[in-house]
Each structure stands twice: as structure tokens, then as C-alpha cells.
Amino acid sequence: MGQAWGFGRHGGPEVQEFFDRPDPVPGRGEVLIRVDVAGVNPLDHMLRSGLVPGLDGGRPFPRVLGMEAAGTVLARGEDVDGLELGDAVFGFALTGGGTYAETTVLSAPNTARIPAGLSATVAATLPVAGTTAVDALDQLGLPAGATLLVNGVGGGVGLAVARLAAGRGLRVIGTGSSAKREHAETVGVQFIDYAAGDVAAAARELAAGGVDGIADLVGGASLRTVAALARDPRNVVAVGDASVSELGGRFVERRLDRENLERSARLALDGLLAPVITAVHPLADAPAALATVEHGHTSGKVVIKVA
Ligand SMILES: NC(=O)c1ccc[n+]([C@@H]2O[C@H](COP(=O)([O-])OP(=O)(O)OC[C@H]3O[C@@H](n4cnc5c(N)ncnc54)[C@H](OP(=O)(O)O)[C@@H]3O)[C@@H](O)[C@H]2O)c1
């Protein structure tokens, strides 16, 4: 039995609640973990609100929030390869365990060992923001020296993309509100405050002939404002707004497998994928942790330290 934080029905923050639940029993291809740290992501409140029904598997209520975590393997289901009892691991709770909890089940093919030298706190941010940054940059495939615009640079994915891109020798321009300037400039970004005026004009001042690629993390009207800055529309990739294809761009294809997790962990160990963790909350403060992200103007990554 352990404490968990989730929701008894779809809705706004008012449907969230703490409850006790028996330790989940790992099914085929799953491991039960004691959660050390859970990452907080926009998808968590979107699932609670019922906005992405295809992703919640029609599970019974109450459901536990959270889809990524780092922790220690307590039990293995059948057909689990490469993960042993007591291993420190990180990965996705794709089958509905929910990670804002003392224990949860992770999907073994989407879980990897935490390499020596990497903290559980950093590892907990890699499944969602870390591998998204890797996938976005891989699929853009820009050469060193190219100019990348990161639209929405101040959040969890944005700062990860910016740091990784700088490490690959790209010149990085990024948009965000003024509160994000310092974090962004620390990772080498030429920063544009989108509230201060015409974003496209500001970008053209920095890159007169346009940019070689755009990683969009905002979508909607903001994506449409910046998309025309790309010299080639195919080099506009988005992770949240599939309508990028209407602009000639591409929705980032996600790789959630163990190999990509292991690669992200190696990049993190090398300092190339360094999430900017701005808030670490205890489980009791999970409501505040998710509220920060739901507000839509998070800086870097927010995590919940459970153990
Ligand atoms: N496809 C996938 O697998 C996948 C994976 C991860 C994330 N996502 C999606 O990617 C998006 C970003 O995720 P995240 O984790 O980075 O979110 P996040 O940590 O909440 O950050 C979002 C950032 O966008 C900034 N922002 C909001 N409006 C903006 C605008 N008009 N121009 C520039 N910046 C703006 C926000 O702060 P300021 O406005 O204060 O600058 C905030 O820093 C979300 O929609 C998420 O659902 C998709």
C-alpha cells in the first residue's frame, strides 16, 4: 500500500486527490518500482482533463497522474529482459501505473537502467523531455554551424533542445517570456522575448536570411508566426501541434524505447543533455508541482521527489 495522487474523474484541478492504493502488480513486460522521482509534464494535466483519450487506455478511475519516473525495481512481471530486482531504473509508465505515487509499474521495453554517475532526479526527466529533444534534433538533422530557432525555449523540452543543439555546434535562437532569458542565455541561446514586440522581425535581425530549422514547442498561432522564418518548410518540426504538416513541416516521431533512453542517459552523463531542473517538490506538494506546469509558463523541468 502506498500514497498516490491522481483523479477520480476527468476535469480540472478540482478533481485531483490523494489516495492510498495497493502496490500495482506488474503484468507481462512490466516492472514494479519504488518511485524516487517523478517528472511533471503538460501531458499529465491533459490526460486528467480528458483531452487525449487515446492515450489513457480507458483505465478505471481513480487514475494516478504522471508518466515518467526513476526508482528501484521491486518486482518483475513475466517476459522482462535486462532489468533485475534492485536495479535503479528510469522510464515510462505507459500502461497506466501513474508515477506520482510511492510505487508504480513501468513498461520494461520503455525502461532502462540508470548508469552510474547519473542522479535519479536527472534520470526522471529524460523519458519525456530528454528523448523528445533527441528525437526533434535527430529528425531535423541540421549540420554543425546551422541556425536553429527553438520556439518556446524556456520550458522542459525547450532548454533540453537548446543545450543539446549547442553541443552539436548549432547556433540557437530561442523565444520565451522575459523570465526565461537568464536560463536560456546560460545554455547559449540568443534570446527573443516574444512579449516585447514582433518575434519574426526580431528573429530576422538575428538571422537576416532566415533560419535553417525550427523546433516548435508551442504550436498554434505562435508556430504560424515563426514558421515562415525557416528557409525550407520541411525543416520545421513540432512536438505538440500536428497541424505543422499543413505548413509543410513535420510532427516529431517519438521513440520511447530503451535504446533511446540509454542514449539520452549517455548524453546526460556527457553533459550534453542537461535538464534545467527548477523545482523539486515532495509528493505532498504534487498539486503545486502540476499547477506550475498547467499554468503554461514553466521554467525548465519540475519534478516530484517521492522517496
Ligand atoms: N510529442 C511528445 O512526445 C511530447 C513530449 C514532450 C512535450 N510535448 C509537448 O511539447 C510542448 C512543450 O512541452 P514542455 O514540457 O517543454 O512544456 P513546459 O515545460 O510547460 O514549457 C512550455 C514553455 O512554453 C513557453 N511558452 C508559452 N507560450 C509561448 C509563446 N507564445 N512563445 C514562446 N514560448 C512560449 C512557456 O513559458 P513562457 O511563456 O513564460 O516563455 C514555457 O516555458 C507541450 O505542448 C507538450 O505537451 C510533446
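## Ground rules

Since the model is predicted, local features need pLDDT of at least 70 and side-chain atom pairs count only at pLDDT 80 or more, while totals for chains, interfaces and linings use all residues. Numbering runs from 1 along each chain as its sequence is written, and side-chain values rest on heavy atoms, with hydrogens and water left out.

## Aromatic pairs

Let's start with the rings. How many aromatic pairs are there? The count comes to three, where rings of Phe, Tyr and Trp (its six-membered ring) pair if their centres lie within 6.5 Å; planes under 30 degrees apart are stacked, over 60 edge-to-face, and the rest tilted. W5 and Y100 make a stacked pair, because their ring centres are 6.0 Å apart and their planes sit at 5°. W5 belongs to strand β1 (residues 2–7) and Y100 to the loop between β6 (88–92) and β7, so this pair ties together parts that are 95 residues apart in sequence. Helices (H or I, at least four residues) and strands (E, at least two) are DSSP runs numbered from the N terminus. Both W5 and Y100 are buried, meaning under 20% relative accessible area, with exposed being over 50% and partly exposed in between (1.4 Å probe, protein chains only). Ring pairs also bring F18 in, linking W5, F18 and Y100 into a cluster.

F7, also in strand β1, pairs with F61 in the loop between α1 (42–48) and β4 (63–64), so parts 54 residues apart in sequence get tied together. Here the centres are again 6.0 Å apart, but the planes are at 65°, so the pair is edge-to-face. F7 counts as buried at 2% relative accessibility, whereas F61, at 36%, counts as partly exposed.

## T103 in strand β7

T103 sits in strand β7 (residues 103–107). Buried or exposed? T103 is buried, because its relative accessible area is 9%. Its side chain makes a polar contact with the side chain of D23 at 2.8 Å. Such a contact is a pair of N or O atoms within 3.5 Å; within protein, one must be able to donate a hydrogen and the other to accept it, and residues adjacent in sequence count only if both atoms are side-chain atoms. Leaving aside residues up to four places away in sequence, T103 touches several others, including R21, P24, L32 and L74; contact means heavy atoms within 4.5 Å.

## L137 in helix α3

L137 lies in helix α3 and is buried, with a relative accessible area of 3%. Beyond four places in sequence, L137 touches L148, V161, L164, A165, R168 and L170. R204 is another story: 67 residues along the chain from L137, with the two C-alpha atoms separated by 22 Å.

## Around the ligand

Of the 22 residues around the ligand, S177, K180, Y194, H297 and T298 come nearest; the shell takes residues with a heavy atom within 4 Å. α3 (126–140), α4 (156–167) and β10 (171–176) each supply at least two shell residues.

A ligand oxygen is 2.6 Å from an N or O atom in the side chain of H297, and a ligand oxygen is 2.6 Å from a polar backbone atom of T298. A ligand nitrogen lies 2.8 Å from a backbone N or O atom of V239. The protein covers 83% of the 900 Å² of accessible area that the ligand has on its own, with areas from the Shrake-Rupley method and a 1.4 Å probe.
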